[in-house]
Amino acid sequence: GAPSRGEDKPRILLMGLRRSGKSSIQKVVFHKVSPNETLFLESTNKIIKDDISNSSFVQFQIWDIPGQIDFFDQTFDSEYIFGGCGALIFVIDAQDDYMEALSRLQMAVTRAHKINEAIKFEVFIHKVDGLSDDNKIETQRDILQRATDELADAGMDNIRLSFHLTSIYDHSIFEAFSKVVQKLIPQLAVLENLLDIVISNSKIEKAFLFDVVSKIYIATDTSPVDMQCYELCCDMIDVVIDMSCIYGVRDDGAFDNESASFIKLNSSTVLFLREVNRHLALVCILREDGCENRGIIEYNFKCFRNAIQEVFVARNKQAQAHNGLAGGE
Ligand code: GDP
């Protein structure tokens, strides 16, 4: 079967009506474009395969669904597209009338579910920066109600949809993407457990395992996530990348296996970043007195990195074995 080609990374499909914000999301999350620059993006109406697989832990494709797309068109290889994907993100423009979008969502979801029951459906209620707080909650409630009612009417209430309020003008889009990606990582529990061990043994308050390019966190320890902490860590990645672009000795990339940084903030908080592998970095927040013993942190980090490497080596072996069985690729 086609669906199992090279499936060792989380595969995500981004769908939605034209102008709902798909290319903007892609540019902001994966290509470091600033939100304001998306105002002048040219609209596209075809499938875009954004191959970020060399730079990111995540793989994904964007797929416009303008009114005229026919899911039953023979040339439209939905078996392949839905079959190989882990999550379908459907973007709805919350600043616009969303009735058309809802009926497209319904079609996409039922079609995709028929082909691949394992697909996770994620609805991004997008551009909520334009809504008041009350209006956000009301819009989410309304969209959730209508979408689930429609599925129930069609006898498909076994399909689960998840909803996220998003905007490219703040960190909500990264946070939402993080949640989506985490659901697709089979080893998530193992990673969380490893992070718990690291923080409790190193007097660290919070630790995130980041996909450096996208600033999606693919795992964190099991203590609750505070948005501010997450934003701090995102900013730290930017600082480190910028610094090594300017002062780095290598010219083939700002991020390598020696990348490490300590930043002391005036709030007696310390940020700590270490490269884990080509795509991933560990970013931690700790109190100043917690880093008296940097040797211990360094030692614990090395153990953590070895464990992570084992987790992903096991994953790649599994994927290879799987592909071998499926068609010897
Ligand atoms: P696409 O056709 O689905 O790829 O949509 P685009 O990415 O081209 O976006 C259409 C318009 O929506 C652009 O002018 C973007 O600047 C704007 N847009 C995208 N995301 C947001 C957002 O989170 N908030 C606001 N206010 N505008 C957005």
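**Ligand surroundings, sheet and nonpolar cores**

In the ligand site, a nitrogen atom of the ligand is placed 2.9 Å from an N or O atom in the side chain of His-126, a distance that, like every other value reported here, comes from a predicted model. The ligand is surrounded by 18 residues in total, of which Arg-19, Lys-22, Ser-23, Ser-24 and Asp-129 are the closest.

An open sheet is built from five strands in the order β8-β7-β11-β10-β9, and its pairing is antiparallel. Strands β8 (216-220) and β9 (260-264) form the edges, each pairing on one side only, and the twist from one strand to the next averages 25°. Strand β7, comprising residues 206-211, runs antiparallel to β8 and is joined to it by four bridges; Leu-209 has Ala-219 in β8 as its bridge partner.

Leu-209 also belongs to the largest nonpolar core, which has 62 residues and in which Ile-25, Phe-177, Leu-191, Leu-209, Phe-210, Ile-218 and Phe-304 have the most contacts. When neighbours within four places in sequence are left aside, Phe-177 is in contact with Ile-12, Ile-25, Val-29, Phe-30, Ile-89, Phe-124 and Ile-216. In soluble globular proteins, nonpolar side chains tend to be buried together.

Methods:
Residues numbered from 1 in each chain as written. Predicted model: local features only at pLDDT ≥ 70, side-chain atom pairs only at ≥ 80, totals over all residues. Heavy atoms only, no water. Pairing = 2+ DSSP bridges. Helix = DSSP H or I, 4+ residues; strand = E, 2+ residues; numbered from the N terminus. Axes fitted to C-alpha atoms, helices over the stretch in contact; angles between N-to-C directions. Core = buried A, V, L, I, M, F, W, Y, C linked by side-chain atoms within 4.5 Å. Buried < 20%, exposed > 50% of the residue type's maximum accessible area, 1.4 Å probe, protein only. Contact = heavy atoms within 4.5 Å. Near = heavy atom within 4 Å. Polar contact = N/O pair within 3.5 Å; in protein donor to acceptor, adjacent residues only side chain to side chain.
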